[in-house]
Amino acid sequence: MKAYHGALLYIVSLSSKVLLPPIEGFTATPFSTKNSALLFHNNVNQNNHHLVSSTSSSFSLHSKSKSQSISESQLESESESELEYDHECECLIIGGGISGSTLAHNLHYHHNTNILLTEARDYLGGNVKSHVTDDGYVWEEGPNSFATQPSIVRIAHELNIDDQLVFADESLPPWVNHNGKLHPLPKGKGGKGPKGQLELVFGSNGVLKFALLGQLLSWPGKIRAGIGAFVGHEAPPSPSSSGENEETIREWVTRTLGEEVFLRCIDPFVSGVYAGNPMTLSMTAALPKIANIENIAYSIPWNKGGAIFYGGLKRQVELTKERKANPPEDHWVEFEYGNPGSFRKGLSTLPNAIHEELKDKIKLEWTLVKIRKLSSSSNSNSNNNNDYIATYETANGSIQRVRTQSIVSTIPAHALQGSILSDILPQATQTLNKARSYINRTKGIYHPPVAAVTVAYPKSAFKDMDLPNDFGKLKDLPGFGNLNPRSENVRTLGTLWSSSLFPDRAPSTHNLLLNYIGGSRDVDIGTMSDDDIIDEVDRGCRTVLLKDDAPPPKVLGIKLWPTAIPQYELGHKEIMDELKEAEDTMDGLWICGNYRSGVAFPDCVTFGYDHAKVVKEYLDGIQLSSPSSSSKSDSQDKNQNQNQNQNQNELEKVPLEEMFFVSMK
């Protein structure tokens, strides 16, 4: 029985911080929950935690006609000395998803850096887009929530939107649809410290009751999971320099906890976080924190079999010490690590606030065409011999050039597979187009199609049934949502019970459901009509949640993301290593995004805080290398007045919290 606690709590639960992510911001929407054995995300181009990666910015490469002011052939033939520029900055940030916009905020707010943020769409936020209707609904096109971390609470405070934060009820569980029933996953009741630990183990929806009376796993499945959790399991394959022994998620879970845990717990979780295929996703790349639990387990001298329960316990102790050493600021809103959160009017509250803060430092509907690096000869009047010129096409067809000392790209990997980097970083272009025949990938990092479909039904349309463990009536949707294992013949990957997560998301007479459908194993979604997709979602809702005579859904919105969450498949780490090697050859240029730093919404926000320090250190370094030079103007346009200095609030470094590790109180 306790064996199942180890299996689920330290693998599923350790991995549950996102329900259907973002699409770079499908960062992982987090379907996260603390003290939970499983959650839906990210962030999920979003972003934990979410089916649409939370940070993805929009990007498209437009071809130019002869009538336009500049053509591709002209770009190729222009000499560097002839290149004039319209804007000048210290750091150019390409892509206004969650990663790019939070990076821009941090450079501006903490470091007083002269920045310019460009975005191809007409709004900031990437795949994070919220809607508020006149009849009382608040719904999302992509990520639905985030797993609360210090980086999010910090930036909300700095933007004066922390009074808009909302958090879910910690006592409500996620559910798994299996054999025509909904099964709650073990969870505490929100108690703190030792009380929370006791609730998690002995409570009405605790691990002990789940192990003894739960019907999600069979007794053979529970016993197999218990052996792997408390006794030991088959040793991992020996690592090889060629990566031939890299394990998929399915291989790792089956080896440590058994096939049944994989099929009924981990498979739906992976579908929720990555919309991916666990037979091709790399365990160490996609779920590195969980994979590391096994390494920690083997580091315990007496744990010769590598039983993962003890590795999880040791990591929990370490994590508790790390958090105590770096406590939240006293003036921040009180929060619980990993608890699902959002804003009263949706996740777009964050990028909208950044837009209001930065104003003319943001250029929307600018499409990047080319980046060039200036040589020393063309920098005779510059403080720095490593400046770049970025050329854009704007919405009205005009050409704008930006001269900058540094560039951070946060646009999706698939947007960099063309000629954008070919002049300055051809190795990166080659790497991002690399084929991997062993997983049938012909070109770079795969982004599968995913549709986010938001519907509402009257509460009276839901099945009239009592849920287990005294959670009440199904019509009240007491939980975060339901996951659908691929074995259940329900096409929808998972359904978030949006109106139960946060207040005022729907009229009191209705339940609001955000459904994610598609992914690596259902690519046909990308070619289906909206009506056909809605029909599939409605069919899934009727199978799991609704009465036979339920009325048609009220469709709030449907959004098909043709290139959703980047897939961290076998060979992903090798691609990232090669990209890092190429990046290191160019000073002041960083190729970033949720395909490198994580798909969950909190990962994207934390990246913005951490990478701002990296950029600032670089800019300080090049200024020190030219002591006689004067600093650049703080204006975005050459004729704009210098901005006033910003107060730089030095915040204590908060370590990157583990996206998939659930605190056990």
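How many bridges pair strand 11 and strand 12, and in which sense? I found six bridges, and the pairing is antiparallel. Two notes before I go on. This is a predicted model, in which local features need pLDDT of at least 70 and side-chain atom pairs count only at pLDDT 80 or more, while totals for chains, interfaces and linings use all residues. Residues are numbered from 1 along each chain as its sequence is written, and side-chain values use heavy atoms, with hydrogens and water left out.

My strand and helix numbers follow DSSP runs from the N terminus (helices are H or I with at least four residues, strands are E with at least two). Two strands pair if DSSP finds at least two bridges between them. Then I checked the cover on strand 11, and six of its seven residues are buried. Buried means under 20% relative accessible area, exposed over 50%, and partly exposed in between, with a 1.4 Å probe and protein chains only.

**Rings**

I searched the whole structure for aromatic pairs and got 13. One of them is Trp366 with Tyr392, a tilted pair with 5.2 Å centre to centre and 50° between the planes. Trp366 sits in the loop between strand 10 (362–364) and strand 11 (367–373), and Tyr392 is in strand 12 (residues 388–393), so the pair ties together parts 26 residues apart in sequence. Both Trp366 and Tyr392 are buried. For the record, rings of Phe, Tyr and Trp (its six-membered ring) pair if their centres lie within 6.5 Å; planes under 30 degrees apart are stacked, over 60 edge-to-face, and the rest tilted.

I also noted an aromatic cluster made of Phe230, Trp302, Phe309 and Tyr310. Next I looked for charges over rings, which takes NZ of Lys or CZ of Arg within 6 Å of the ring centre and within 35 degrees of the ring normal. Arg154 lies over the face of Tyr609, 3.7 Å from the ring centre. Arg323 has its charged end over the ring of Tyr337, at 3.9 Å from the centre.

I traced an open sheet of seven strands in the order 8-7-17-18-19-14-20, with mixed pairing. Its edges are strand 8 (181–184) and strand 20 (554–561), each pairing on one side only. Neighbouring strands are turned by 25° against each other on average, direction ignored; the axes are lines fitted to C-alpha atoms, for helices over the stretch in contact, and angles run from 0 to 180 degrees between N-to-C directions.

His178 has Lys181 as its bridge partner in strand 8.

Is strand 18 enclosed or open? Six of the six residues of strand 18 (residues 492–497) are buried, so the rest of the structure largely encloses it. Strand 17 (residues 481–483) is antiparallel to strand 18, with three bridges, and Gly481 stands opposite Leu496. Strand 19 (residues 510–518) is also antiparallel to strand 18, over five bridges, with Thr492 opposite Ile517.

Strand 6 meets strand 9 (residues 340–343) through three bridges, and Leu165 is partnered with Phe343.

**Helices**

Buried residues in helix 17 are His572, Ile575, Met576, Leu579, Ala582 and Glu583. Seen down the axis, the buried residues of helix 17 fall within an arc of 120°, so they line one face; the arc is that of the directions from the helix axis to the C-beta atoms.
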